[in-house]
Amino acid sequence: MSDVLGQRGVSKDEGLTEEEVERRRERFGPNELHEVEQRRWLEVLISQFTGVIVLLLAVAAVAAFVMGDVIEGTAVLAVLVINGAIGFVTEMRAIRSMESLQEMTEIETRVRRAGDDQEIPAEDLVPGDIVILDAGDIVPADLRVIDPSRLQVDESALTGESVPVGKTSDPLDEDVPLAERENMLYKGTYLTRGTAEAVVVATGPDTELGQISASLQETGEKKTPLQEKLDDLGQKLVPLLLVVAAIVLVSGWLRGQDLFLMVETAIALAVATVPEGLPIVATLVLARGMWRMADRNALISNLASVETLGSTTVICTDKTGTLTENKMTVAAYELANGSVEVTGTGLDTDGTFQHGGQERDEPQDPAMQEALKVGVLCNNASVTEEDGEVNVTGDPMEVALLIAGMKGGLDRDDLLESLPETWEVSFDPAVKMMATYHDSDGRYTVAVKGAPEEVIDSSSRVVTGEDSRELSATEKDEWIEQSERMAEDGLRVLGLARKNVDRTAGSPYEDLSLIGLVGLIDPPREEVRPTIQRCQDAGMRVVMVTGDHAGTAKNIARSVGLVDSDDTEVIEGRELDDVENLTQAERDRFVNASVFARVNPANKLDLIDVHQAAGSIVAMTGDGVNDAPALKRADIGVAMGQRGTQVAREASDMILQDDNFESIYHAVREGRIIFSNIRKFVLYLMSCNVSELLVILIAALLGFPLPLLPLQILFLNVVTDIFPAFALGACGGSSDIMDRPPRDPEEPIMTRTNWTELGLFGVLISAAVIGAFAIGGGMYPGGMDTDEAVTISFLTLAFAQLWHVFNVRDVTSGLVRNEVTENLYVWGALGLSSVILVGAVYLPGISLALSTTPIGFEGWLLVFGMSLLPLVLGQIEREFRRRFGTSDS
Ligand code: ATP
């Protein structure tokens, strides 16, 4: 072993020094498969100037210069630069935001450096680092095992073989094939059980996984379905654009108007109608929502899930730790010679044992002693007391058993001195038991604990005190009934048993002597009850899926308000075993059930299938190694941040940092808000664009001169529209967002109603603009051709678009107080854009480029009067729809 470490210049107890780590990092680089291709800012900048829009603008600018119109040409160039700058800043913000979010979900590794154990990001590992791993951890680099303990590893990611393999630290021959290298741990595989200390031998691209994946280089970033839909939406208005452009060109030509002006107008309209920025703004909205979820302790590791979240219809949640506190206390023992209650809660190591209400200072009874002993021996937790402070690590249920032992004067370390542990058969949720072997004068004492029905079933004798006797079938049934009574009182019940054997070979779960049952209290979390109610109000079903006993499950389900009647059916996991052959009636029964008990990890997969087949969008919680497949299969896999293993976290779409059910509710709410905001700004931007097209179209059809000049159209799109659009992305969600049923995931961003509205808003705004233009034309001596009339139509359009933000509120929101009016960003955006617009008229340089001119008090009156019209009519439409219409927003 010293050879292995010596070659790598490291000692097991000290690890590498910080200076050495620095040197090796320079030499070997970061521990990443292939350097995540960070889009450099230059690349992002360049990409802003390669789209169709930029090409069109460049053509317009060049044409203006060729025609000798320097001001026009310069102005178009300015628009081009502003457009690029805004695109650049937005995209960089989105990228940075996403990157820091991703960092939050990255998995950390325990490493020993300069004599200290610390958690570091896995990418910081260097060859020679000493890594400490636990069951459920993902192997962060290629490692040589130096100190394994009951180590087993799932190497399927590398070898395809899903049966876990044992590992040792013994040296091997040089030419052993990969799958048989028993002293190596490979990056990307994971520990299914045991623990290990190991030294890093290869990192990043030098690992076995790195070498495989080098040939499978990932192909850039994958777009989420939402981003793809937005890309498509951007193209939807192109046919309308082509029609309008053709009509403008032909009618202008027929009437002998300046052809260059017509071409420029067509180009400006094209810039307006193809909203290239939609996906990027959407990404910003998504990132913002993800940050808000992170504030609420829900980390999203997969961008596409944000969209799915809002459509969640079923939440399958485990019980322990999510619905309950996971703070356990032993409350009672049931032994062959009677019941014993235990006092003292939580981590308090003072407590008494009472028998029939009579206090007993010490549990003198031998059967009681045995029960405490098995609980303390068959255990992986630790409890230490220092200066009156109790420190615990491990499974809270096992901690509770240790504390009960301490109440009875049993200390685990002392006990292990006389009965050293030689072997552990780890807890397996499929078997529902665990066992430890202890050396006892050349023989072995086997301590077993597990689900009562399994332990009782595995027992052939029962401990009566100093002695034991045969356990009859009737007695077994009585024990089972007793465990059910305890479970129905809401206790988590375990069976305790022991045996003495000569050899460690053979099953630990045969011919056991049953000692008795232990009941633990795990109080329900207080905040869960109202949250479940809120989930149900939001049209989501909450389903408890637990490995625990049906009785316990039912009791807890009742106390958290998941079910309200005593005769609620609890379905046992084994009923799902034969999922392929279910009848429709059985399927319906499962889909409608709220409590599933004694569910093993494979049953979870089946349950997801049954729900998905019924058209549900399923969120499923999980924490263990075995939960990974179910977390992947669910539409939203939810892993626990504190209790969860690394494997579960890696397989999930969302990590709850506080393991709290309430966080799922908030994440769903945020998911719904995000979608509703995206819909808002898409509807907003597209209706603004349509109004511009219609203004030009109507004017051309009526034989009017152009009410908007090309540069004015560009100015609206590049400068004033976007602030309100961004602001809409930050709305807080209408007050009833969680009172509606979940959105159908197939529902498009723009529903049929939305398209109708888009047309309606477009017509309203363009009619107001044309009206203002005509009235304005009458107000000034030169008619509609004057700069004043054009300024009036330009400003009317600009302000009508600004007020239009209030029209995209949810149909169900209030008229005055709603998510748009309560969004301060919206007011800020309106203020900013208004100032810019006033500047566009009164600042000499800009007004020259935009051909605007002061319009006097009456002119402004006209602008405000007409621009407010679409708002008033739009609000009437919203109210009308609220009362009589459809409810899709
Ligand atoms: P939940 O799914 O709500 O977290 P759970 O912890 O009871 O519930 P599992 O971990 O699948 O679910 O456990 C199933 C049963 O196995 C438990 O009810 C308990 O009886 C038994 N059990 C759980 N952990 C252990 C353990 N460490 N040792 C022995 N038996 C255990």
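I searched the whole structure, a predicted model, for aromatic pairs and found 11, a pair being rings of Phe, Tyr and Trp (its six-membered ring) with centres within 6.5 Å, called stacked if the planes are under 30 degrees apart, edge-to-face if over 60 and tilted for the rest. Y437 is buried at a relative accessible area of 2% (buried is under 20%, exposed over 50%, partly exposed in between, with a 1.4 Å probe and protein chains only).

I then turned to F799 and W860, whose ring centres lie 6.2 Å apart with planes at 70 degrees, so this pair is edge-to-face. F799 belongs to helix α28 (residues 787-803) and W860 to helix α31 (residues 856-884), so the pair ties together parts 61 residues apart in sequence; helices here are DSSP runs of H or I with at least four residues, numbered from the N terminus. F799 is buried, with a relative accessible area of 2%, and W860 is buried with 14%. One aromatic cluster is formed by F799, W803, Y842, W860 and F864.

Last, I checked R743 and noted that its charged end sits over the ring of F675, 3.5 Å from the ring centre (the criterion is NZ of Lys or CZ of Arg within 6 Å of the centre and within 35 degrees of the ring normal).

Residues are numbered from 1 along each chain as its sequence is written, and side-chain values use heavy atoms, without hydrogens and water. Because the model is predicted, local features need pLDDT of at least 70 and side-chain atom pairs count only at pLDDT 80 or more, while totals for chains, interfaces and linings use all residues.

Terms used: Helix = DSSP H or I, 4+ residues; strand = E, 2+ residues; numbered from the N terminus.
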